[in-house]
Amino acid sequence: MDFQIAPHAGFCFGVKMAIQKGEELVRAGHVPLATLGPLIHNPQEVKRLESLGIYARETFEEIRENTVLIRTHGVAPSVYEEAEKRGLELYDCTCPFVKKIHRIVEEKSAEGYEIIIIGNEGHPEVEGIRGWASTPAIVVESHEQAEKITIDRDKKVCIVSQTTFNYRKFQELVEIFTKKGYDVSVANTICNATEVRQKEAREIADEADVMIVIGGAHSSNSRKLYEICAKECENTHFIQTLEDLHLDLPKSVELVGITAGASTPNKIIEEVQNYVRINF
Ligand code: F3S
């Protein structure tokens with residue numbers, strides 16, 4: 001039996017940067033410090049950060065620290081205003097790919113475009129993006145929703161995507177709007193790291209007899225990786241850590257594929273990889 005790990009499994013550059021910034025601030029004496037929401041969707045990593053003095057707080061009311069880190073997902077302008085009002089020292093770790101979406105949405109909505117965000121309603125990144133639109137933005141995540149939406153014919157439409165959305169699904173949803181005959185301006189804002197990771201996952205899952213996707217239960221990009229892999233390989237497992245893995249592989253299995261979401265630390269990927277290598 002052989003196994004293959006997706007070359008781009010694990011931390012993306014945005015997450016790496018945010019963690020490095022947090023650690024740098026700790027070294028510079030800004031401890032304890034808070035992040036607005038967990039810096040990363042991985043409970044083990046959140047615990048490690050806590051041990052350094054970096055605490056995940058859900059709301060401003062919970063924040064007792066003077067320094068606050070904005071995570072890669074980004075936030076609405078109202079959050080910066082609130083932080084300023086409260087006299088907090090803010091460090092912005094919004095991923096540059098997300099910042100780019102904020103700029104597009106801000107500009108296009110000011111020009112009178114109707115903004116459609118293809119992404120998951122309620123996801124922090126989507127909520128942040130929504131906040132940059134000067135008019136209410138529409139969030140769409142399914143074909144059914146896209147089919148139902150009607151927009152004033154006089155209006156131009158600007159479509160952006162959550163950075164971690166499934167690329168194929170994004171194209172399909174965009175097509176629904178173009179087929180309706182709207183004057184559409186499309187910005188494919190799925191980040192490159194996501195596209196590469198999804199492509200690799202699809203290719204490996206297509207060949208593999210068993211596929212393992214490692215990621216946090218609340219990690220949107222990890223769940224999408226799971227969806228993609230499960231389509232290609234019916235024996236796909238979604239795990240957070242090695243403890244969740246209960247593999248009983250038949251002799252006929254020739255290839256086990258492994259991939260991991262953008263918030264999965266290397267340590268966990270290595271543990272899973274070693275386990276598969278030693279036990280099968
Ligand atoms: Fe940024 Fe893409 Fe990672 S948007 S945070 S590089 S998944």
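How much space lies in the largest cavity? About 330 Å³ lies there.

## Basis of the model

This is a predicted model, in which local features need pLDDT of at least 70 and side-chain atom pairs count only at pLDDT 80 or more, while totals for chains, interfaces and linings use all residues. Residues are numbered from 1 along each chain as its sequence is written, and side-chain values use heavy atoms, with hydrogens and water left out.

## Cavities

Rolling a probe the size of a water molecule over the atoms shows where empty space is left. Here a cavity is a set of points, on a 1 Å grid over the protein atoms alone, where a 1.4 Å probe fits but cannot get out; lining residues have an atom within 4 Å of a point. Grid points are joined across faces, edges and corners, and a volume is the space filled by probe spheres set on the points. The count comes to two cavities of 30 Å³ or more.

The largest cavity has 25 lining residues, and C12, V15, T72, T164 and A262 lie nearest its centre. Helix 1 (13–27), helix 4 (96–110), helix 8 (192–207) and helix 9 (220–232) are the elements that give two or more residues to this lining. Helices (H or I, at least four residues) and strands (E, at least two) are DSSP runs, numbered from the N terminus. Eleven lining residues of the largest cavity are nonpolar, twelve polar and two charged. Ala, Val, Leu, Ile, Met, Phe, Trp, Tyr, Cys and Pro count as nonpolar, Asp, Glu, Lys and Arg as charged, and the others, Gly among them, as polar.

The second largest cavity holds about 40 Å³ of space. Its lining consists of T35, P38, L39, V46, L49, I54, Y55 and A56. Helix 2 (43–52) and strand 3 (54–57) each give two or more residues to it, and strand 3 gives the most, with three. By class, this lining has seven nonpolar, one polar and no charged residues.

Y80 belongs to helix 3 (residues 77–85) and W132 to the loop between helix 5 (124–131) and strand 7 (138–140), so the pair ties together parts 52 residues apart in sequence.

## A cis peptide bond

Most peptide bonds are trans. The bond from V31 to P32 is cis, with omega near -10°. P32 lies in the loop between helix 1 and strand 2 (33–36).

Conventions: 1 Å grid on protein atoms, 1.4 Å probe; cavity = no way out; pocket = protein on both sides within 12 Å on 5 of 7 lines; lining within 4 Å.
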